[in-house]
Amino acid sequence: MQPVSYFRDQHVEILKMVEELRPLLNKEQLQVRVVAKTAQTLLGDLADRIKGHLAEEDKDLYPILLTHSDLDVRSTAWKFISGEHALRQAFADYGKKWLKEGDFECSDELLTETNELLETLTVRIDREEQFLYPKFEAEVGKEKSRN
């Protein structure tokens, strides 16, 4: 089982990736072929990183929360799992549409969808930091004190 600090460190890395991407996500920058290719690669790397992060949460975080005796803890876990599926699907759909091999054509639609996806991701991370991880830490702390 990974400690919460491991997942928080992943959040820092993911948010750093997002911040590195943001300056590239405008029409002026994406008209430069090398910048467009770099942005496409970084977005692909981000999508892979998110996929791995969510899989690790599924393995190490949710089983503990879903078996908790407190209904509120279980309910919170289910809400986050539900949101996780939506985020996973959003990244999969985005990848199929925009991250295919070849040219990364800049359009208003691309910029809108990319910024919406990044905003959804950052909101999700904030919610995990504020609500999910504290519940997980409390549960693990209780578990350690019982042993």
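A cavity is a set of grid points where a 1.4 Å probe fits but cannot get out. Keep that in mind as we look inside this structure, which is a predicted model.

A search of the whole structure turns up 1 cavity of 30 Å³ or more, and the largest cavity holds about 40 Å³ of space. Which residues line the largest cavity? They are H11, I14, I50, H53, L54, L87, L121, R124, I125 and E128. Sorted by class, that lining looks like this:

| Class in the lining of the largest cavity | Residues |
|---|---|
| Nonpolar | 6 residues |
| Polar | 2 residues |

As for helices, α1, α3 and α6 each bring at least two residues to the lining of the largest cavity. The largest share comes from α6, with 4 residues.

Now for the packed parts. The largest nonpolar core is made of 27 residues. Those with the most contacts inside this core are L30, L46, I50, F91, Y94, F104 and L121. At least two residues of this core come from each of α1 (4-21), α3 (33-60), α5 (71-98) and α6 (108-146), and α3 gives the most, with 8 residues.

What does I50 touch, leaving out residues up to four places away in sequence? The answer is I14, L87, F91 and L121.

There's also a second, separate core of 12 residues, and among them are V4, V73, I81 and F136.

Technical notes. Residues are numbered from 1 along each chain as its sequence is written. This is a predicted model: local features need pLDDT of at least 70, side-chain atom pairs count only at pLDDT 80 or more; totals for chains, interfaces and linings use all residues. Side-chain values use heavy atoms; hydrogens and water are left out. A nonpolar core is a set of buried Ala, Val, Leu, Ile, Met, Phe, Trp, Tyr and Cys residues joined through side-chain atoms within 4.5 Å. Buried means under 20% relative accessible area, exposed over 50%, partly exposed in between (1.4 Å probe, protein chains only). Contact means heavy atoms within 4.5 Å. On a 1 Å grid over the protein atoms alone, a cavity is a set of points where a 1.4 Å probe fits but cannot get out, and a pocket is an open set with protein on both sides within 12 Å along at least five of seven lines; lining residues have an atom within 4 Å of a point. Grid points are joined across faces, edges and corners, and a volume is the space filled by probe spheres set on the points. Ala, Val, Leu, Ile, Met, Phe, Trp, Tyr, Cys and Pro count as nonpolar, Asp, Glu, Lys and Arg as charged, and the others, Gly among them, as polar.
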